[in-house]
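Hi,

Here is the model I promised to pass on to you. Have a look at it first, and my notes follow below.

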Amino acid sequence: MALTREECKAKRNKVPKELVEVPELGGSVYVTKLTAGVRDLFDKKLNENKVNGEVNLENVRAKFVALVVVDEDGKRLFEDSDIEWLGELDSDGIQKIVDVGFRINGIGTGVIENAIKN
């Protein structure tokens, strides 16, 4: 049975999230599956300010964390203006969030490393 427009529309902002323990930060956070629009925003952030055709990797983990960490209601916990200080947090804790975010979003774990090499 094919979905109706109304059934599709009812799925907006109803994406799965996972509670992730991050002892390096002193607690836990919710990591969400990205919506199509937010995934496009992440891709855009990666391609902003390309230098010689290379992806902009400046604070890329913090940029991703700012998009995938949500509150209990699924609303973004961080704003783009938080990216700078997010990049100053413990790298092991941030990497745990990134790893879970990549897994639930189907992003290959080597995407950042591959971008660095290319």
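The structure holds 3 aromatic pairs (ring centres of Phe, Tyr or Trp, the last by its six-membered ring, within 6.5 Å; planes under 30 degrees apart are stacked, over 60 edge-to-face, the rest tilted). In one of them, the ring centres of F64 and F102 are 4.8 Å apart and the planes stand at 70°, so this pair is edge-to-face. F64 belongs to helix α3 and F102 to helix α5, so the pair ties together parts 38 residues apart in sequence. Helices here are DSSP runs of H or I with at least four residues, strands are E runs of at least two, and both are numbered from the N terminus. Ring pairs also link F42, F64 and F102 into a cluster.

Before going on, a word on the basis: this is a predicted model, with local features needing pLDDT of at least 70 and side-chain atom pairs counting only at pLDDT 80 or more, while totals for chains, interfaces and linings use all residues. Residues are numbered from 1 along each chain as its sequence is written, and side-chain values use heavy atoms, with hydrogens and water left out.

Are F64 and F102 buried or exposed? F64 has a relative accessible area of 1%, so it is buried, and F102 is buried too, at 2% (buried is under 20%, exposed over 50%, partly exposed in between, with a 1.4 Å probe and protein chains only).

Now the two helices themselves. α3 and α5 (residues 91–105) pack at about 60° with axes 10 Å apart; the axes are lines fitted to C-alpha atoms over the stretch in contact, and angles run from 0 to 180 degrees between N-to-C directions. From α3, R61, F64, V65 and V68 meet I94, Q95, I97, V98, G101, F102 and N105 of α5 (contact means heavy atoms within 4.5 Å). The residues of this contact divide into 7 nonpolar, 3 polar and 1 charged, where Ala, Val, Leu, Ile, Met, Phe, Trp, Tyr, Cys and Pro count as nonpolar, Asp, Glu, Lys and Arg as charged, and the others, Gly among them, as polar.

Two more residues may interest you. K63 sits in α3, which spans residues 60–68, and counts as buried at 12% relative accessibility. Leaving out residues up to four places away in sequence, K63 touches K45, N56, E58 and I83. T32 is in strand β2 (residues 27–32) and is buried at 7%. Beyond four places in sequence, the contacts of T32 include L67 and V68 as well as I104 and N105.

Best wishes
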